[in-house]
Amino acid sequence: MVKALQGDDYQAYFVDRIPLIIHHSGLALPSTFDADYRTSVDFAPTLLHLLSLQDARNAFMGFSIFEQAPAHHVPLAAMGEEYFYIGPHGISKATGTADEDAKHLAYQNYVRMYYWLESQNRVFPPEETASN
């Protein structure tokens with residue numbers, strides 16, 4: 001007997017739902033929480049938030065799932081130069097064409113700039129890295 005491991009809405013992208021399980025005996029946490037299409041880039045900022053370090057300077061691109069995402073946030077997964085949008089209608093691969101939403105194209109450029117800064121070891125400006 002073969003049992004399907006994915007639902008009817010499964011798409012063959014290397015991007016899909018990931019569970020996050022949090023247990024803290026000192027907090028009254030809900031049994032479920034809707035992260036509103038956040039992605040894995042939001043994991044580290046969420047962890048910092050849970051550790052009460054959300055205001056600590058860091059180089060993460062994402063945002064805590066427990067805070068309102070900024071207006072420019074786009075639920076996006078990037079793998080090299082391939083971009084995937086995550087939303088209520090599932091996962092869609094970015095086309096990179098002018099007919100895409102301007103906000104989506106701007107976020108792709110933001111990711112590209114981050115990649116470039118990272119490749120140059122310049123995520124933080126030099127004067128800031130010297131003081132840390």
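I began with Glu 82, which is partly exposed at a relative accessible area of 37%. My cut-offs: buried is under 20% relative accessible area, exposed is over 50%, and partly exposed is in between (1.4 Å probe, protein chains only). The model is predicted, so I took local features only at pLDDT of at least 70 and side-chain atom pairs only at pLDDT 80 or more, while totals for chains, interfaces and linings use all residues. Numbering runs from 1 along each chain as its sequence is written, and side-chain values use heavy atoms, with hydrogens and water left out.

**Entry 1: salt bridges**

I looked up the partner of Glu 82. Its side chain meets that of Lys 93 in a salt bridge, 2.5 Å from N to O. The pair links distant parts of the chain: Glu 82 sits in strand 2, Lys 93 in strand 3 (residues 90–93), eleven residues apart. Lys 93 is partly exposed, at 40% relative accessibility.

I counted a salt bridge when a side-chain nitrogen of Lys or Arg lies within 4 Å of a carboxyl oxygen of Asp or Glu. That rule gives two salt bridges. Glu 81 and Arg 112 form a salt bridge at 2.9 Å, N to O. Glu 81 is in the loop between strand 1 (76–79) and strand 2 (82–87), and Arg 112 is in helix 2 (residues 102–119), 31 residues apart. I took helices (H or I, at least four residues) and strands (E, at least two) as DSSP runs, numbered from the N terminus. Glu 81 is exposed at 52%; Arg 112 is partly exposed at 29%.

**Entry 2: the core**

Which residues make the largest nonpolar core? I found nine: Met 61, Val 74, Leu 76, Tyr 83, Tyr 85, Ala 94, Tyr 107, Val 111 and Tyr 114. Such a core is a set of buried Ala, Val, Leu, Ile, Met, Phe, Trp, Tyr and Cys residues joined through side-chain atoms within 4.5 Å. Strand 2 and helix 2 each supply at least two of its residues. Helix 2 gives the largest share, three residues.

I then checked Tyr 114. Leaving out residues up to four places away in sequence, Tyr 114 touches Ala 59, Met 61 and Val 123. Contact here means heavy atoms within 4.5 Å.

Thr 46 belongs to helix 1 (residues 43–50). Is Thr 46 buried or exposed? I found Thr 46 buried, at 2% relative accessibility. Beyond four places in sequence, Thr 46 touches Leu 20, Phe 63, Ser 64, Ile 65 and Phe 66.

Phe 66 lies in the loop between helix 1 and strand 1. Phe 66 is partly exposed, at 34%.
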